[in-house]
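This note is for a colleague who has not looked at the structure before. Please read the points in order, with the structure open.

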Amino acid sequence: MRLIKVTGGLGNQMFIYACYLQMKKRFPRVYIDLTDMMHYHVHYGYEMHRVFGLPCVEICMNQVLKKVIEFLFFKTILERKQHGSMRPYTRSYLWPLIYFKGFYQSEKYFADIKDEVRQAFTFDLKQANGQSLRMREQIDKDEHAVSLHVRRGDYLQPKHWEAIGCICQLSYYRNALEEMGKRVERPRYYVFSDDLAWVKENLDLPDAVYIDWNKGEDSWQDMMLMSRCRHHIICNSTFSWWGAWLNPRNGKIVIAPERWTRDADSREIVPAEWLRVSIQ
């Protein structure tokens with residue numbers, strides 16, 4: 001049996017679930033472990049059922065019991081110790097109980113099942129509010145629609161600022177807008193942000209549409225609307241990464257920051273066909 005630990009917000013959950021789908025192709029007894037999510041209150045809990053209507057493939061148990069069982073019986077594979085290798089996720093092990101921990105923030109973890117991942121991550125529109133459904137129709141008709149995601153909020157907190165919050169600041173967005181302007185005639189920006197006041201004050205976006213109603217457990221609908229746009233400017237957030245990736249158009253332009261964290265550039269997570277621009 002293989003268990004895959006789930007933690008984080010919707011974007012991270014999606015990367016982990018995509019890795020699960022890839023592993024499931026090779027090994028029948030693979031399950032998602034939600035034990036730690038029961039004590040994770042930073043975002044909105046486990047969202048895969050509610051947002052995508054996915055079937056139950058999870059195991060959840062008492063946290064203390066899980067730690068004891070993991071320590072005594074499971075071989076643990078930590079993504080950060082694999083140095084980018086895919087072999088630990090595709091090989092067979094003699095030991096029957098394997099526990100995987102990581103975030104798997106790269107297409108390589110599901111490169112051979114992209115179509116299956118897209119199908120799995122089909123938004124359940126029955127859960128969407130009327131305002132988002134009307135905006136979805138507007139975006140679908142707009143040939144110049146470009147999503148722009150600006151994440152500030154938690155990224156401005158001291159515990160996040162040094163590693164990730166300092167990456168996508170005003171200079172990055174100005175560079176990204178300049179590059180998009182070279183490639184798209186008359187782009188119309190659909191802006192998604194937890195700080196729209198900052199965007200309006202600092203970025204010159206004539207005729208922009210500001211999406212300001214999807215709060216709390218409705219936040220996923222911003223990702224749904226992003227995915228309907230023709231092109232994208234993302235920040236170093238898995239949320240906007242998926243918003244861009246789920247756009248199936250072959251000719252889409254996606255602009256991303258050249259760095260994902262202070263200590264790592266974005267080559268690992270940003271697909272090769274996307275455009276990486278300077279954050280300075």
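Which residue meets Arg152 in a salt bridge through its side chain?

1. The partner is Asp195, with N and O 2.8 Å apart. A salt bridge here is a side-chain nitrogen of Lys or Arg within 4 Å of a carboxyl oxygen of Asp or Glu. Arg152 lies in the loop between E6 and helix H7 (158-165), and Asp195 in the loop between E7 and helix H9 (196-202), so the pair ties together parts that are 43 residues apart in sequence. Arg152 is buried at a relative accessible area of 13%, while Asp195 is partly exposed at 23%. Buried means under 20% relative accessible area, exposed over 50%, and partly exposed in between, with a 1.4 Å probe and protein chains only. Helices (H or I, at least four residues) and strands (E, at least two) are DSSP runs, numbered from the N terminus.

2. On how to read the values: this is a predicted model, in which local features need pLDDT of at least 70 and side-chain atom pairs count only at pLDDT 80 or more, while totals for chains, interfaces and linings use all residues. Residues are numbered from 1 along each chain as its sequence is written, and side-chain values use heavy atoms, with hydrogens and water left out.

3. A second salt bridge joins the side chains of Arg188 and Asp142, at 3.8 Å from N to O. Arg188 is in strand E7 (residues 188-193) and Asp142 is in the loop between helix H6 (130-141) and strand E6 (145-150), so this pair links parts that are 46 residues apart in sequence. Arg188 is partly exposed, with 24% relative accessibility. Asp142 is buried, with 10%.

4. How many salt bridges does a search of the whole structure find? The count is 22. Another of them is formed by Arg262 and Asp263, whose closest N and O atoms are 3.3 Å apart. Arg262 is partly exposed, with a relative accessible area of 41%, and Asp263 is exposed, with 61%. Elsewhere, salt bridges with shared partners connect Lys5, Asp33, Asp36, Lys66, Glu70 and Lys101 in one network.

5. Helix H10 (residues 220-228) packs with helix H11 (residues 238-245) at an angle of about 35 degrees, and their axes are 7 Å apart. Axes are lines fitted to C-alpha atoms, for helices over the stretch in contact, and angles run from 0 to 180 degrees between N-to-C directions. The crossing of H10 and H11 is right-handed, that is, the near helix is turned clockwise from the far one by less than a right angle. H10 contributes Trp220, Asp222, Met223, Met226 and Ser227 to the contact, and H11 contributes Phe239, Ser240, Trp242 and Gly243. Contact means heavy atoms within 4.5 Å. By type, the residues of this contact are 5 nonpolar, 3 polar and 1 charged. Ala, Val, Leu, Ile, Met, Phe, Trp, Tyr, Cys and Pro count as nonpolar, Asp, Glu, Lys and Arg as charged, and the others, Gly among them, as polar.

6. Not counting residues up to four places away in sequence, Met226 touches Ser147, His149, Phe192, His232, Phe239, Ser240 and Gly243. Its C-alpha atom is 9.3 Å from that of Ala145, 81 residues away along the chain.

7. Helix H1 (residues 10-26) has 17 residues and reaches 25 Å from its first C-alpha to its last, close to the expected 24 Å. The expected span is 1.5 Å times one less than the number of residues. Of the 17 residues of H1, 14 are buried, so the helix is largely enclosed by the rest of the structure.

8. Glu116 is in helix H5 (residues 114-120) and is partly exposed, at 29% relative accessibility. Leaving out residues up to four places away in sequence, Glu116 touches Leu21 and Lys25. The C-alpha atoms of Glu116 and Gln22 are separated by 9.2 Å, with the two residues 94 apart along the chain.

9. His83 is exposed, with a relative accessible area of 76%.
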